[in-house]
Amino acid sequence: MPQFKLRSRHLLALSLAALAPACDPEEALEEMVVSSVRRPCVGLEPMLCLRYAEDGGELKSHYSGIQDFTHRWGVETRLRYHVEAVEKPDADAPSEHWIADEIVSEAQDPVGTRYDFNFHESAPDSGWFVASGERLRMIDTEVDCAPALCAEVLSRLAASTPFAAGFELTADEAVPLRLVSLQDIP
């Protein structure tokens, strides 16, 4: 019996050592706060960028996703992550991947919270908005709107007219935003 316990402990120790993450200095865990909203930005194409801050600093835009993390509209997330270098990235691809390790905390914006975005790059083929049944889809996000507002957005895109749009957070994660206003911007 004592031999069995010794072997089990030895096996357990070896298993844990093999499963333990091998973090070199580039893969050290860091912590950030991811904003409850993504903002319109333009990388290689129009997109909705994650906004994040580290150590209480200013919000910055992140143009590629965070592996193992899914942004939810209206949810501010504090998370631990690490960065891994990408060997031989494509010409326009990032040279590193951010990987989420742990969600530390989440804070929910109240339903009805307003978010205002400017759409300066509003060419017809920009991809900011497309019709999605009786709604619009803003890049990858379903947006509820009154028929007249939906039509106005598509009209402004067709005319390449820059505009500001006001949204409210809904209680529906499948359709998290409701378009409530449009304004001209210079």
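This report describes the strands, the sheet and the pockets of a predicted model.

## Basis and confidence

The model is predicted; local features require pLDDT of at least 70, side-chain atom pairs count only at pLDDT 80 or more, and totals for chains, interfaces and linings use all residues. Residues are numbered from 1 along each chain as its sequence is written, and side-chain values use heavy atoms, with hydrogens and water left out.

The protein chain has a mean pLDDT of 85, and 83% of its residues reach 70 or more; pLDDT is the predictor's confidence in each residue, from 0 to 100. Over residues 1-26 pLDDT stays under 50, and for this stretch the model has three contacts beyond four places in sequence. Contact here means heavy atoms within 4.5 Å. Where pLDDT is low, the predicted coordinates should not be read in detail.

## The six-stranded sheet

Strands (E, at least two residues) and helices (H or I, at least four) are DSSP runs, numbered from the N terminus, and two strands pair if DSSP finds at least two bridges between them. Six strands form an open sheet of mixed pairing, in the order β8-β12-β13-β11-β10-β9. Because β8 (114-119) and β9 (129-132) stand at the edges with a single partner strand each, one side of each is left without a neighbour in the sheet. From one strand to the next, the twist averages 40°.

Helix α2 (residues 147-158) packs on this sheet and touches β9, β10 (135-138), β12 (163-169) and β13. The direction of α2 makes about 50° with that of β13, where axes are lines fitted to C-alpha atoms (for helices over the stretch in contact) and angles run from 0 to 180 degrees between N-to-C directions.

Within the sheet, β11 (residues 141-144) runs parallel to β13 (residues 177-184), and two bridges join them; V143 stands opposite L177 of β13. The pairing of β12 with β13 is antiparallel, over seven bridges, and there A164 faces Q183 of β13.

## Other strand pairs and a loop

Strand β6 (residues 75-85) is joined to β1 (residues 30-34) by five bridges, in antiparallel fashion; V33 has R78 in β6 as its bridge partner. Eleven bridges, also antiparallel, join β6 to β7 (residues 96-108), with V75 opposite Q108 in β7.

E121 belongs to the loop between β8 and β9. Apart from neighbours within four places in sequence, E121 contacts V42, S126 and W128. The C-alpha atoms of E121 and S160 are 7.8 Å apart, although the two residues are 39 apart in sequence.

## Pockets

A pocket is found on a 1 Å grid over the protein atoms alone, as an open set of points where a 1.4 Å probe fits, with protein on both sides within 12 Å along at least five of seven lines; lining residues have an atom within 4 Å of a point. Grid points are joined across faces, edges and corners, and a volume is the space filled by probe spheres set on the points. The largest pocket has a volume of about 330 Å³. Among its 23 lining residues, R38, L48, L50, H71 and D140 are the closest to its centre. Strand β3 (46-53) gives the most to this lining, with five residues.

The lining of the largest pocket comprises twelve nonpolar, six polar and five charged residues. Ala, Val, Leu, Ile, Met, Phe, Trp, Tyr, Cys and Pro count as nonpolar, Asp, Glu, Lys and Arg as charged, and the others, Gly among them, as polar. The second largest pocket holds about 160 Å³ of space, and its lining includes H71, W73, V75, Q108 and D172. That lining divides into six nonpolar, three polar and three charged residues.
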